[in-house]
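Thank you all for coming. I would like to walk you through one structure this morning, going slowly enough that everyone can follow along on the screen.

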Amino acid sequence: MPDKRITIRATRYDPEKDQAPRLQSYDIPFYDDSMVVLDALNHIKSHVDGSLSYRWSCRMGICGSCGMMVNGTPKLTCNAFLRDYWPRSITVQPLNNFPVIRDLVIDMEDFMHKLKSVKPWIIRKQELPLGAGEHHQTNEQIDDFRQFSECINCMLCYAACPVYGLNNEFLGPAATALARRYNLDSRDQGLKERQPIIGDAEGIWECSFVGECSVVCPKGVDPAKAIQQTKLDTTMRFVLPYGNRD
Amino acid sequence: MPPNWWTRQRHYFLYTVREFTSVPLAIWLLWLLYDIRETRLVQPAAFAIFSIVCLPFALYHSWTFLSLAGSIIHFKVLDRPVSARLIVASQFALWIGASVVIALLLVGLAR
């Protein structure tokens, strides 16, 4: 029997029964320094309360499914170590700024809609036949967009963004970062298709550069940088006619 | 979002302070424009005191703005991206240089 224990306070909310979300405490064993918050939730679900609902998948910071508020900060729970909080209790809540479906599960429909709206895929005016061979890129051309391609759509940046919290029409950090990722790709020709969305009043211009999106990003994408650079590029494209690109 | 959202995180608070510093700077600028229109300092003592009050706001705003320049400006020299640190350093150098030139100009005009 392990000696060390830790208290997890998790949001519980069943829209069919509860008027509002509430916190429920679970005292669980903390048997290994490598334990993360997701392990604690899994322990609760397996041994204490099987009705606790939350999303998770890969357990290694790749899938972006297990984002939650951990003591008020958006984090991937698979990357939030209990040892960093113990002996204090840990409060786990659903991501800020999103509707809650149940317990720790948020409704990501709004983000998925925004993500799709910026067409985060390579757009070609005319597809080349397969026989024409591959599109070549230099390392320097890949470096132009590599950082922004690391986004795993975990939505921590949206939970951290007060601008999105105050106005959920805002396109938001991750969608803009991914739009920039493709706009900077030398194979892509879709800038003009994305520009009406990212250059809209609810797009990049809504951002006031709080910068918290970049602070909480678990992959170092720096969406705030993507947004500010897009603002600068959009302005230059507007004032310099030769800045236009097909 | 609760009304006190900006007190919840240190980062939010510093952001709000950064944005707030624009208010006294805008007032100072309007005051200056008014004095320029009048071609004299209407209330020299009050303007001097208000300028001193505004100085830390101006310094904080400039400092935060220029520190962020590395995230905003991006360009390449000889096909290699210029580092954010160098961009920030150049912004501060330009800021200090411009301040020195303006100070010398004002001192020269005052003589």
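**The overall form of chain B**

Let me begin with chain B, whose radius of gyration is 18 Å, whereas a compact globule of 111 residues would have one near 13 Å. Before I go further, please keep in mind that this is a predicted model. Taken along the principal axes, the C-alpha atoms of chain B fill a box of roughly 50 × 45 × 20 Å, and buried residues make up 3% of the 111 residues in this chain. If we look at the contacts in chain B with a separation of 6 or more, 40% of them are accounted for by residues 24 or more positions apart.

As for its elements, chain B has five helices and two strands, and from the N terminus on they run α-α-α-α-β-β-α.

**Two helices packed together**

Now to a pair of helices within that chain. In general, two packed helices are described by the angle between their axes and the distance between the axes. Here, helix α3 (residues 44-67) of chain B packs with helix α5 (residues 84-110) of chain B at an angle of about 145 degrees, and their axes are 9 Å apart. On the side of α3(B), the contact is made by B:Ser62, B:Leu66 and B:Ser67, while α5(B) brings B:Val88, B:Gln91, B:Phe92 and B:Trp95. Sorted by type, the residues of the contact of α3(B) with α5(B) divide into four nonpolar, three polar and no charged.

**Two loop residues**

Two residues in the loops of chain B deserve a moment. B:Thr39, in the loop between α2 (22-38) and α3 of chain B, has a positive phi of about 55 degrees although it is not a glycine. Is B:Thr39 buried or exposed? B:Thr39 has 6 other C-beta atoms within 10 Å, and therefore counts as exposed. B:Leu78 sits in the loop between β1 (76-77) and β2 (80-81) of chain B, and B:Leu78 also has a positive phi of about 55 degrees without being a glycine. With 5 other C-beta atoms within 10 Å, B:Leu78 is exposed.

**Where the chains meet**

Let us turn to the place where the chains touch: 15 residues of chain A are in contact with 13 residues of chain B. On the chain A side, α5 (162-166), α8 (212-216) and α9 (223-239) each supply at least two residues, and the largest share, five residues, comes from α9(A). The residues of that side of chain A divide into seven nonpolar, five polar and three charged.

**The sheet of chain A**

Chain A holds an open sheet of five strands, in the order β2-β1-β5-β3-β4, with mixed pairing.

β1(A) and β2(A) pair in the antiparallel sense over eight bridges, with A:Ile8 standing opposite A:Tyr26 in β2(A). Of the eight residues of β2(A), the number buried is zero, so this strand lies largely in the open. Strand β3 (residues 67-70) and strand β5 (residues 90-93) of chain A are likewise antiparallel, over two bridges, and A:Val70 stands opposite A:Val92 in β5(A). Lying across β1 (5-12), β2, β3 and β5 of chain A is helix α1 (residues 37-48), which runs at about 90 degrees to β2(A). In the loop between β4 and β5 of chain A we find A:Pro87, and the peptide bond from A:Trp86 to A:Pro87 is cis, with omega near 5 degrees.

In soluble globular proteins, nonpolar side chains tend to be buried together. The largest nonpolar core here has 63 residues, and those with the most contacts inside it are A:Val37, A:Leu41, A:Met155, A:Cys157 and A:Leu178. Helix α6 (residues 173-183) of chain A gives the largest share of this core, six residues. Leaving aside neighbours within four places in sequence, A:Val37 is in contact with several residues, including A:Val70 and A:Val92.

Finally, A:Ala159 lies in helix α4 (residues 156-160) of chain A and is buried, with 25 other C-beta atoms within 10 Å.

Conventions. Residues numbered from 1 in each chain as written. Chains lettered and ligands numbered in written order. Predicted model: local features only at pLDDT ≥ 70, side-chain atom pairs only at ≥ 80, totals over all residues. Helix = DSSP H or I, 4+ residues; strand = E, 2+ residues; numbered from the N terminus. Rg over C-alpha atoms; globule rule 2.2 N^0.38 Å. Buried ≥ 20, exposed ≤ 12 C-beta atoms within 10 Å, placed from the backbone. Contact = placed C-beta atoms within 7 Å. Nonpolar A, V, L, I, M, F, W, Y, C, P; charged D, E, K, R; others polar. Pairing = 2+ DSSP bridges. Axes fitted to C-alpha atoms, helices over the stretch in contact; angles between N-to-C directions. Core = buried A, V, L, I, M, F, W, Y, C linked by C-beta atoms within 7 Å.
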